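We will go from stop to stop, picking residues as we go.

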Amino acid sequence: MVEIDQQQKFQNKIDAEIKIEPKDWMPEAYRKNLIRQISQHAHSEVIGMQPEGNWITRAPSLRRKAILLAKVQDEGGHGLYLYSTAETLGITREEMINALQDGSARYASIFNYPTQTWADVGAIGWLVDGAAIVNQISLQRTSYGPYSRSMVRICKEESFHQRQGYELMLTLSRGSEAQKAMAQDSLNRFYWPSLMMFGPHDTESAHSASSMKWKVKRETNDDLRQKFIDQTAPQIEFLGLQHPDKDLKWNDEKGQFDSGEINWDEFWRVINGDGHCNRQRVQHHINAHKEGAWVREAMASYQQKKKSKAA
Ligand code: BYC
């Protein structure tokens with residue numbers, strides 16, 4: 001009976017748009033769902049440093065290198081805010097890292113695609129950060145206070161990332177024939193995986209019903225994906241590039257684009273560990289984590305020393 005009362009009070013708060021804070025009562029399923037989503041979001045930010053990091057030493061100018069370095073560092077920072085956010089729900093950093101490394105936690109499928117050319121740095125900034133912003137703007141209104149606040153800061157930085165990516169693509173598409181071809185090839189390879197970032201269709205989405213009820217998610221996977229499709233089509237046109245979706249067509253009645261179908265077999269294969277780079281990405285994380293062990297040990301012993309001095 002007490003539990004039912006608490007459930008009702010909790011839902012009333014959600015319905016009244018009052019944020020849930022770490023020390024508030026919350027249903028166990030809400031807590032677990034948040035830990036799942038936020039920790040996977042954090043892993044995506046950190047694993048997402050690898051594909052672009054691959055190009056830092058090969059950036060074509062000092063300006064491009066400075067921008068790329070700053071962007072990749074920002075992504076690491078986003079991971080840290082998000083790990084801290086998840087920790088407020090009672091999971092440790094170590095548990096989250098173990099789940100990433102043993103494959104029981106996911107991260108965004110897009111980061112299992114390789115970065116083959118310099119144009120991929122532009123396509124990732126423009127499309128991947130662009131898709132992330134569409135999703136994260138909506139998550140600024142999520143019901144869990146710490147997650148909502150971390151999204152506000154992250155969105156500001158993602159917006160710079162998106163612009164630098166589009167500016168890079170614009171430079172290439174206004175350049176030589178070879179540069180334009182490189183931009184087109186990159187768009188062709190990253191467009192569909194970017195649409196997959198929004199997750200399966202609403203009808204196939206295991207978590208959407210409860211996440212929408214609890215206002216963890218404020219818009220559905222398909223609605224957010226549609227926003228991204230609609231905003232990207234004119235951007236592709238402005239670049240003077242060919243749209244990768246040959247079935248894309250403006251629908252006057254709906255006031256939005258109709259589009260071709262995503263390759264869902266590919267989506268499920270990649271999120272279940274069999275994409276081009278899954279093994280490489282996780283192994284790289286394991287190696288970097290091992291190499292950083294001495295830093296964690298030094299920090300832990302410094303904190304221990306501070307504590308015993310204070311006692
Ligand atoms: N990739 O029930 P559903 C960035 C999984 S990084 C992999 O709809 P949900 C950046 C899903 O986890 C920003 N897995 O799930 C960084 C679930 O499996 P589990 C990344 C996916 O959670 C560096 C199952 O499929 N953004 O910007 O309600 C450089 C069923 O799905 C994917 C975020 O993480 C996927 N694409 O909705 C550049 C946003 N899609 O957990 C840029 C935060 C689905 O039951 N996350 N799955 O094993 C979300 O908004 C939601 O978690 C999603 C999925 C919309 C992604």
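Start by selecting M299, which sits in helix α13 (residues 293-310); helices here are DSSP runs of H or I with at least four residues, numbered from the N terminus. Before moving on, a word on the model: it is predicted, with local features requiring pLDDT of at least 70, side-chain atom pairs counting only at pLDDT 80 or more, and totals for chains, interfaces and linings using all residues. Residues are numbered from 1 along each chain as its sequence is written, and side-chain values use heavy atoms, leaving out hydrogens and water.

**The surface patch**

M299 counts as partly exposed because its relative accessibility is 48%. The classes are buried (under 20% relative accessible area), exposed (over 50%) and partly exposed in between, with a 1.4 Å probe and protein chains only. Areas come from the Shrake-Rupley method with a 1.4 Å probe, and for residues only the protein chains shown count as cover.

**The ligand**

Which residues come nearest to the ligand? Select R36, R106, S205, H207 and K217, out of 35 residues around the ligand; a residue is near if one of its heavy atoms lies within 4 Å. Next, look for polar contacts, meaning pairs of N or O atoms within 3.5 Å; within protein, one must be able to donate a hydrogen and the other to accept it, and residues adjacent in sequence count only if both atoms are side-chain atoms. In the side chain of R36, an N or O atom is 2.9 Å from a ligand oxygen. Q40 has a polar side-chain atom 3.0 Å from an oxygen atom of the ligand, and for E158 the distance from such an atom to a ligand oxygen is 3.3 Å. The ligand taken alone exposes 1100 Å², of which the protein buries 91%.

**Salt bridges**

Side chains of opposite charge can pair when their charged atoms come close. A salt bridge here is a side-chain nitrogen of Lys or Arg within 4 Å of a carboxyl oxygen of Asp or Glu, and the structure holds 18 of them. Pick D120 and R189, whose closest N and O atoms are 2.8 Å apart in a salt bridge. D120 lies in helix α6 (residues 119-139) and R189 in helix α8 (residues 177-196), so this pair ties together parts 69 residues apart in sequence. D120 is buried at 0% relative accessibility, while R189 is partly exposed at 22%.

Two further stops are R93 with E87 (3.4 Å, N to O) and D274 with R279 (2.9 Å, N to O). For a network of salt bridges, select E52, K71, E75 and D129.

Setting aside neighbours within four places in sequence, A119 is in contact (heavy atoms within 4.5 Å) with M169, L172, M182, A183 and S186.

Finish at Q162 in helix α7 (residues 145-173), which counts as buried at 14% relative accessibility. Beyond four places in sequence, Q162 touches G125, W126, D129, G130, I133 and Q235.

Note on methods. Helices (H or I, at least four residues) and strands (E, at least two) are DSSP runs, numbered from the N terminus.
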